[in-house]
Amino acid sequence: PTTWRKVTVTGMTCTACSNSVETTLKNINGVLRASVALLQNLADVVFYPTLVKDEDIKNTIEDVGFEAEILP
Ligand code: 9UX
């Protein structure tokens, strides 16, 4: 079973920013898909909830240098 979250990502200013967030999310063990929309400040992430917690996604984005909030 997989689940998904939409996440606001703020602070990205160029496609290199959004590409780095996307690549880093995809490299999390248990993440199946990740797409980051630069202009919308939004990431979509599909993952196995047994392996990945919401906080992992938030912390990973913040480690890359941006602010992240999981949308309800
Ligand atoms: Mo997007 Mo760049 O930051 O140094 S503005 S990668």
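How many bridges join β1 to β3, and which way do the two strands run? I looked this up first, keeping in mind that the model is predicted. I found six bridges between β1 and β3, and the strands run antiparallel. One pair I noted down: arginine 5 has valine 45 in β3 as its bridge partner.

Next, the whole sheet. I see four strands in an open sheet, and reading across gives β2-β3-β1-β4, with antiparallel pairing. The edges belong to β2 and β4 (67-70); each has a single partner strand, so one side of each has no neighbour in the sheet.

Then the helices. I find α1 packed on the sheet, where it touches β1, β2 and β3. The direction of α1 makes about 170° with that of β2. I find α2 on the sheet too, touching β1, β3 and β4, and its direction makes about 165° with that of β4.

A closer look at α1. Its twelve residues, 15-26, should span 16 Å at 1.5 Å a residue, and I get 16 Å between the end C-alpha atoms, so the two agree.

Which residues of α1 are buried? I listed Ser18, Val21, Glu22 and Leu25. They cover an arc of only 95° around the axis, which means they sit on the same side of α1. On the other side of α1 I have Ala16 and Thr23 as exposed.

Last entry: what covers those buried residues? I noted β1 (3-10), β2 (31-37), β3 (42-47) and α2 (54-64) among the elements that do.

Terms used:
Residues are numbered from 1 along each chain as its sequence is written. This is a predicted model: local features need pLDDT of at least 70, side-chain atom pairs count only at pLDDT 80 or more; totals for chains, interfaces and linings use all residues. The expected span of a helix is 1.5 Å times one less than its number of residues. A residue is buried if 20 or more other C-beta atoms lie within 10 Å of its own, exposed if 12 or fewer, and partly exposed in between; C-beta atoms are placed from the backbone. The arc is that of the directions from the helix axis to the C-beta atoms. Two residues are in contact if their C-beta atoms, placed from the backbone, lie within 7 Å. Two strands pair if DSSP finds at least two bridges between them. Axes are lines fitted to C-alpha atoms, for helices over the stretch in contact, and angles run from 0 to 180 degrees between N-to-C directions.
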